[in-house]
Amino acid sequence: MSDSLLQRSVTTAVARNLATTTKTRPMMMSVTPRHLLRLLPWVQVEGGTYRVNRTKVELSKAERIEIAAGLGFAPDELRSVPLFSQLPASLLERMQKRFRTEEVPLGSDLIIEGQDRSTFFVIAQGQVEILSKGLHGRDLRAALLTEGEFFGEVDLVSEKPSDITVRTITPCVLLTLSRKDLDGVLDEVPTLRDEFHKAIAEHLELRSTVNRYGERNIDLVSGFAENVEIPETFVDYAAAPREYSLSAIQTVVRVHTRVSDLYNGPHDQLEEQIRLTIEGIKERQEWELVNSQKFGLLHSVDPAMRISTRYGAPTPDDLDELLAIVWKKPAFFLAHPKAIAAFERECTRRGVPPVTASIHGTSVITWRGVPLVPCDKLEVRSRYGSNQSFGTTSIVLVRVGESEQGVVGLHQTGIPGEIMPSLSARLMGLDSLGVASYLLTNYFSLAVLTDDAVGVLENVEVGYYHDYRIADRRAFGDGAGI
């Protein structure tokens, strides 16, 4: 206060020393809604283990070939190709050595319908589209293949012309094996050709006895005819069903007794320390449910249930295709908020604004009646480090519940020291400095009961924006006369 002005009352700065401050509980920016934890149905697991029994799969399904850093693959990776799954290891090793590396530009025809290319392709980098002529003679896109996927293996053993066209939609690096190179392998040792054709014949015979899921057909008879012999059948089970063990997240919270004794008003210090730590545990739990390499959603998706975006940005067509593969009562999409925003931009451009719905008090958009649930645990991978304005991510679609053969969360309630389901807090004791230690433990896991319960849309670009000014200029000219 200026010396020329007399103090006429107590100042607010001094008066605050006598006032009771209104204060909040500690806030934490890393806390999210964690919709996934609340949307998953949780199954009580006894003994910490959950066994998923399935019917026996007679014929293995195609898997992606793991491409190494040098754009190659191990010989045993060829077993990911169902046609080659029964070949002896020595033959697979010889075949792997004959693969050639080819760099192919955008828009190249790799296979043309009606022609015989007789080459097997593995995609090391890039994307290709599979086209087939429909009933009306137009090229229809049947599939989109990306890194680790393959095509053309049947052309190696068939004399028929190809019934598909395959075209690159990005620059690609391809690993190729021609029929000529395969014949060279089979001529190296006299017995190899017989072993090869025997394994292929067994595979084709087995394929005729199974359904599209690789399970043996159930023999049935139907109709009105009399004196028809009724077939006998049985359903076999997998001999080694998968078992899920509960995972644990643990930490020790330390609070000085002097703090908890003297500074407990208006908020309990120990309670706040444990509450904020539990928030961190729950955030990590949701991250593990999505990203864990042992049981996370992204690592539990069957190769046949993985698709890629057509043009990078997620379009209504892409989500429709995802719905077409997870079509048995899909429960919800799970996507990063940036991916949802990118999808909304594509909907805006097409003039089809999505309908909204409320989940846990939050307004979310839906597509075809299925909600798109935001989850920042589906990370955006960017070349610019932590900048999530650019990069790619994935969108997951799941079916949930044991009764629906879907996805379920796993936990075990009733554990000692439990303060919420499957989460315990135990006093570990005091040290010589008067610091109390509390052990917090959360037990959980996730199980995918059947392969078609979860699908994923990959390579989702979140940083693309439409320039509507270009469309305006096309609609109204360059502005002259306006």
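Q: In this predicted model, how many bridges pair strand β18 with β23?
A: Strand β18 covers residues 392-398. Its pairing with β23 is antiparallel. One of the facing pairs is V396 with V456 in β23. The number of bridges between β18 and β23 is 6.

Q: How many of the 8 residues of strand β23 are buried?
A: Strand β23 runs over residues 454-461. Buried means under 20% relative accessible area. The strand is mostly covered. The count of buried residues in β23 is 6 of 8.

Q: Which strands stand at the edges of the open sheet of 4 strands?
A: The order in this sheet is β3-β10-β5-β8, with antiparallel pairing. An edge strand has a single partner, so one side of it is left without a neighbour in the sheet. That applies to residues 100-104 and residues 150-151. The edge strands are β3 and β8.

Q: What angle does the direction of helix α4 make with that of β10?
A: Helix α4, residues 179-186, packs on this sheet. The helix touches β3 and β10, the latter being residues 172-178. The angle between the directions of α4 and β10 is about 45 degrees.

Q: Which residue of β8 does V122 stand opposite?
A: Strand β5 holds residues 119-125. β5 and β8 run antiparallel and are joined by 2 bridges. In β8, V122 stands opposite F150.

Q: Is E279 buried or exposed?
A: E279 sits in helix α7, residues 269-291. Its relative accessible area is 18%. The cut-off for buried is under 20%, so E279 counts as buried.

Q: Which residues does E279 touch, leaving out those up to four places away in sequence?
A: The position of E279 is in α7. Residues up to four places away in sequence are not counted. The contacts of E279 are then M28, V31 and R34.

Q: What accessible area do I218, L220, V235 and Y237 have together?
A: These residues form a patch on the surface. The patch is nonpolar. Together, I218, L220, V235 and Y237 have an accessible area of about 460 Å².

Methods
Residues numbered from 1 in each chain as written. Predicted model: local features only at pLDDT ≥ 70, side-chain atom pairs only at ≥ 80, totals over all residues. Heavy atoms only, no water. Pairing = 2+ DSSP bridges. Contact = heavy atoms within 4.5 Å. Axes fitted to C-alpha atoms, helices over the stretch in contact; angles between N-to-C directions. Patch = residues over 30% accessible without salt bridge, like charges linked within 9 Å, V, L, I, M, F, W, Y side chains within 5 Å. Areas by Shrake-Rupley, 256 points an atom, 1.4 Å probe, with all protein chains shown as cover. Salt bridge = Lys/Arg side-chain N within 4 Å of Asp/Glu carboxyl O. Buried < 20%, exposed > 50% of the residue type's maximum accessible area, 1.4 Å probe, protein only.
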